[in-house]
Structures are given as structure tokens and as C-alpha cells.
Amino acid sequence: MASQFPVLARLLATNAQWAKDVEIAEPGFFAASAQGQSPKVLWIGCADSRVPESVVTASKPGDIFVHRNIANQFPLHDVNAEAVLEYAVGHLGVEHVIIVGHSKCGGAAACLAAAQHPTGLADPEAGPDAPLNKWLAPLVAIASSLVNAYPETLIEENIKAQVENAAQSHTIKEAWHKGKKVYVHGWLYEIEKGTLKDLGITKGPQ
């Protein structure tokens, strides 16, 4: 039972209060939400607990379709990421795919260290087949290619790389081929300021 764990009990209690407050402020909101969703934005971001997309954009449930993972990756041929993108664009009608990285990223810092470590592993205490090392290997490769290896540089280069990957995905290329107006953007969330920054690297229909 959640009551055995104070942190979980608090989450349930604050959820109950939130649901009550929303229903008072906007009667029928949850009943309408249960009828379906039609978000125009897919947010592909980092799993970092400090970057909750709905909170930092002051959005309501139903506004943003979401995929989050370690270091906001969109690896080509990753069936999980591709499935989210396919469903968002093909079934929900999402028009804007936003790759969102953030400052103070632990994954980026680990990859910078890995690029200078003999093992080349983000987690040198684990083997090369450890899930985290396999997942972060592409980011370590980006870090290794940089002349000026600073966290801020790697974070932005990673965002650019993932925008390129998403733009090269089957789903996006097919959408553009069919004449759909779907755009892939790259944003940076500055944790120390609480603000989002558009990096100006949008990819759209050719």
C-alpha cells in the first residue's frame, strides 16, 4: 500500500487535490479529456526530473504528446522512439516535433568524461553491454568529435544531431512526401533560469 511510503502517499494526496481543483476551475475537463486527444506538439526530451514539459510550458493534460529518455536521444532505427513519432504524426496529427535538451545535463557530463577515459564508457564501472553505456554510446561519439569539449557545446550538438535523426526518420520523410506540414525543432531548457530557448535549427518540408 502507498500509505506505507510517505513520498507515495504525498503524491496520491496532491493528485486528489489537483483533480478537485481542476474540476472546480473547469467543470467537465476530465470528462472531455476522456473522449480523446489531439495535441499538436510532440516533445522529445530528457528523463531528468527537473524538466517536466507540462510544468515548464504551463500546459494542460492533452496539450503535449511526450517521449522522454536519457539525454533526449532519437536514435535512428530505435523502434520505441520511431513508434512514438509514427503514432504522433500519423494518428494524432502532431505538427511540431520538438527535441528538447537542457543545461546541467548529467548524461552530457558523463559522455564528456567518457570521451577522455580509456574505456570510452559513460559508466566505466559497468561493461560495454550495460544498457546505459549502449544507450549513450552515440553521445560519447559526438563528445569525442568536439574540438572544444564543454558541456554546453555537447548539449547543443546533441540537440542538433537528434533533430537531424528525427528529420531522417521514415515517419517524417513519409509525412513530407505526402505534403504534410510537419516540423522538427531544437530547443534548450536552461534549468538555472527556467526558460526555453529556440536554437533556430528547425527542419521542415522541402
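Reader: What makes the crossing of H5 and H6 right-handed?
Author: The crossing of H5 and H6 is right-handed, a term used if the near helix is turned clockwise from the far one by less than a right angle, with anticlockwise giving left-handed. This is a predicted model, in which local features need pLDDT of at least 70, side-chain atom pairs count only at pLDDT 80 or more, and totals for chains, interfaces and linings use all residues. Residues are numbered from 1 along each chain as its sequence is written, and side-chain values use heavy atoms, leaving out hydrogens and water.

Reader: Why are H5 and H6 called oblique to each other?
Author: The axes of H5 (residues 106-115) and H6 come within 8 Å and cross at roughly 60 degrees. Angles under 35 degrees count as roughly parallel, over 145 as roughly antiparallel, 65 to 115 as roughly perpendicular and the rest as oblique. H5 and H6 are therefore oblique.

Reader: Which residues of H5 and H6 make the contact?
Author: Contact means heavy atoms within 4.5 Å. On the H5 side are Gly107, Ala108, Cys111, Leu112, Ala114 and Ala115, and on the H6 side Leu136, Leu139, Val140, Ala143 and Ser144. By class, 9 are nonpolar, 2 polar and none charged.

Reader: What makes H6 oblique to H7?
Author: The axes of H6 (residues 131-145) and H7 (residues 151-167) cross at roughly 120 degrees and come within 10 Å. H6 is therefore oblique to H7.

Reader: Which residues of H6 and H7 meet?
Author: Leu139, Ile142 and Ala143 of H6 meet Leu154, Glu157, Asn158 and Ala161 of H7. This contact has 5 nonpolar, 1 polar and 1 charged residues.

Methods. Axes are lines fitted to C-alpha atoms, for helices over the stretch in contact, and angles run from 0 to 180 degrees between N-to-C directions. Helices (H or I, at least four residues) and strands (E, at least two) are DSSP runs, numbered from the N terminus. Ala, Val, Leu, Ile, Met, Phe, Trp, Tyr, Cys and Pro count as nonpolar, Asp, Glu, Lys and Arg as charged, and the others, Gly among them, as polar.
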